[in-house]
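Hi,

Here is the structure you wanted to look at. Have a look first, and my notes on what turned up follow below.

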Amino acid sequence: MKHVPGKNLFALQRLARLKGVQTSYLAMSKERREASPESLLTTLRALGVPVTKLDDVPTALREAKQEQVRQAVEPVHVAWQGKRAVIPLQLPEPHSGGALLCEWRLENGEVRRSQFSLAKLRIAGSRRFGGEHFITRAVPVPAGLPTGYHRVAFELAKHSFETHLFVAQEKCFAPPKSRRTWGVFAPLYALHSERSWGAGDFGDLSKFLSWVGGQGGSFAGTLPLLPAYLKQPVEPSPYSPVSRLFWNEFYLDVEQIPELKNCPAARRLMSSLPFEKQLKKLRSAPLVDYAAQMTLKREVLERLGRAFFAKPSARRRAFEQFLRSRPEVRDYARFRAVQEQRREPWTQWPERLRNGELREGDCRRELEQYHLYVQWLAQEQMSGVAARAKSDGVTLYLDLPLGTHRDGYDSWRHQKVFALATSGGAPPDPVFTQGQNWGFAPLHPQRSREQGHAYFAECVRHHLRHAGMLRFDHVMCLHRLYWAPNGRSAAHGAYVSYPAEEFYAILSIESHRHQAAIVGEDLGTVPREVSRGLKRHRVAGMFVGQYEFRLPPKSVLRPVPPN
């Protein structure tokens, strides 16, 4: 690659920009760093662009341009409430007239219809490609559409198109303005009490929230509480969860589980001398032994689960209702069971399983039932924590990590929206001279758009069902994320752009629906457009307190501008 033809290099840069790959970035030193041709090719391949060498670029560029002009409508559009909005519709000139039928399919099931004469709609742009002339018309979004996730279907002669339409308030929810207040952050594993098993649990979290409220605090935060691999392999990092859609059974408070009082097998185990000896050792250990604690807790949970499934009960009926309302829990439980039974990453499974098709019989029934049971218990106890916080007037402040474990459930079930050939990371800096590779597969921006960002929205909803405040890890990723190639130094990566306004719309919709504040972790070198985006959409920022002591006093969270 030492002798790069100037024409192909120019085409490579154009192709990169067309696909949302940034050809340069401003480093920590404030110097402009250009992405190398190798980095651009590697990142484009991770996006699915067929370029293995520079000679492939001209053909790929033509195909990308053709794809762009042939796309009549973008996959997602945002309409901010109170502002006029349009949906650009790009059509070849011969088809840019006639009657356009629009069907506005609202989230609540309501359908509204309208009709326009294309020739009378405002021209928003025009372009020529391959001897054809394309005209973009601005289709007005009806005023007064309710907040939510809607679909729009267009019909024109023999052609039809669809798009997602997010209608949202421009600013995220903010609680009523009040005096300055304070809260406490503490990792849940560090909140262990005399009764817990060497690490804090949901019972300890509930008591901690009450304590903070009793001291006059208004919120209490902790690290992500999402499921982790704690047995072959043991990877307890809260920022590398199995999924961002479920909870970690490691934090279950066993003494709160109703089945315990009616399960002699579990009680005998817990009162046995070996069990008590191991529990005492875990409680007195200077560090949290995740694997040993989970092994001990699972022995009890498995006995409780067997007793629970042995006969019908009122709680069994409640459990079945839970599964009917959350069918994805069964899918998750079966995935975990298959993975435990096969003892290998999903990427090594047979094709049917690898492609997301699991059937009854692919795993032992007791393994699947275990994961179903503990997820239900975790949901129950998280709901109890949230209810206790609300009654004590304290806000539960949860943390949404940037990514998930590459071998985890989300990467398997939602693999179409992940760029599995690369990893999220950071470019080289004075400390990490070769850059950083964080190991998780980043969201593929275009494929996520094609699905209406459904996975991203569900991750946010999962947390806001219980939290009154949600910290969004590395909030810069709403705008851009550095992609580090798998198997090579992170220095060979590049930044990829994301549709920030679409993500902000989701955060706004969900924050208002759940009456929760959104906080963006914007520490470090953050581009100006990120700061402007946070301010515009009323997402609170963060700073490190000890670096601010010389400034006038202010709250730990940057003040949110009023409505």
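**What I found**

Let's start with helix α2 (residues 37-46): eight of its ten residues are buried, so the rest of the structure largely encloses it. Buried here means under 20% relative accessible area, exposed means over 50%, and partly exposed is in between, with a 1.4 Å probe and protein chains only. Helices (H or I, at least four residues) and strands (E, at least two) are DSSP runs, numbered from the N terminus. The buried residues in α2 are P37, S39, L40, L41, T42, T43, L44 and A46. Their cover includes α1 (6-18), α3 (57-70), β16 (422-426), β19 (480-485) and β20 (494-497). After α2 comes G48, with a positive phi near 100°.

Before you go further, some housekeeping. This is a predicted model, in which local features need pLDDT of at least 70 and side-chain atom pairs count only at pLDDT 80 or more, while totals for chains, interfaces and linings use all residues. Residues are numbered from 1 along each chain as its sequence is written, and side-chain values use heavy atoms, with hydrogens and water left out.

On confidence: pLDDT is the predictor's confidence in each residue, from 0 to 100. The chain average is 94, and 96% of the residues score at least 70. Residues 554-563 are where pLDDT stays under 50, and the model has 21 contacts beyond four places in sequence for them. Contact means heavy atoms within 4.5 Å.

**Aromatic rings**

How many aromatic pairs does a search of the whole structure find? It finds 30. Rings of Phe, Tyr and Trp (its six-membered ring) pair if their centres lie within 6.5 Å; planes under 30 degrees apart count as stacked, over 60 as edge-to-face and the rest as tilted. F308 and F309 make an edge-to-face pair, at 5.1 Å centre to centre with 85° between the planes. F308 is buried at 3% relative accessibility, and F309 is buried too, at 18%.

F456 and F472 are another pair: their ring centres are 5.7 Å apart and their planes at 50°, so this one is tilted. F456 belongs to helix α14 (residues 454-464) and F472 to strand β18 (residues 469-472), so the pair ties together parts that are 16 residues apart in sequence. F456 and F472 are both buried.

There is also an aromatic cluster made up of F246, Y332, F335, W349, Y409 and W412.

Two rings have a charge over them, which here takes NZ of Lys or CZ of Arg within 6 Å of the ring centre and within 35 degrees of the ring normal. K297 puts its charged end over the ring of F250, 5.8 Å from the centre.

**Around E344**

W349 from the cluster turns up again here: leaving aside neighbours within four places in sequence, E344 is in contact with Q339 and W349. You'll find E344 in the loop between α9 (328-342) and α10 (351-354). Its side chain makes a polar contact with that of R342, at 2.9 Å. A polar contact is a pair of N or O atoms within 3.5 Å; within protein, one must be able to donate a hydrogen and the other to accept it, and residues adjacent in sequence count only if both atoms are side-chain atoms.

**Cysteines**

The structure holds zero disulfides, a disulfide being a pair of cysteine sulfur atoms within 2.5 Å. For C477, the nearest cysteine sulfur is that of C459, 11 Å away. C477 is buried, at 11% relative accessible area, and C263 is buried at 4%.

The peptide bond from Q232 to P233 is cis, with omega near 0°. P233 sits in the loop between β13 (229-230) and β14 (234-235). Q232 has a phi near 45°, a positive value in a residue other than glycine, and is exposed, with a relative accessible area of 60%.

R538 is not a glycine either, yet has a positive phi of about 55°. R538 lies in the segment after α16 (528-536) and is buried at 6% relative accessibility.

Finally, R365 in helix α11 (residues 365-391) is exposed at 54% relative accessibility. Its C-alpha is 8.9 Å from that of R334, 31 residues apart along the chain.

Cheers
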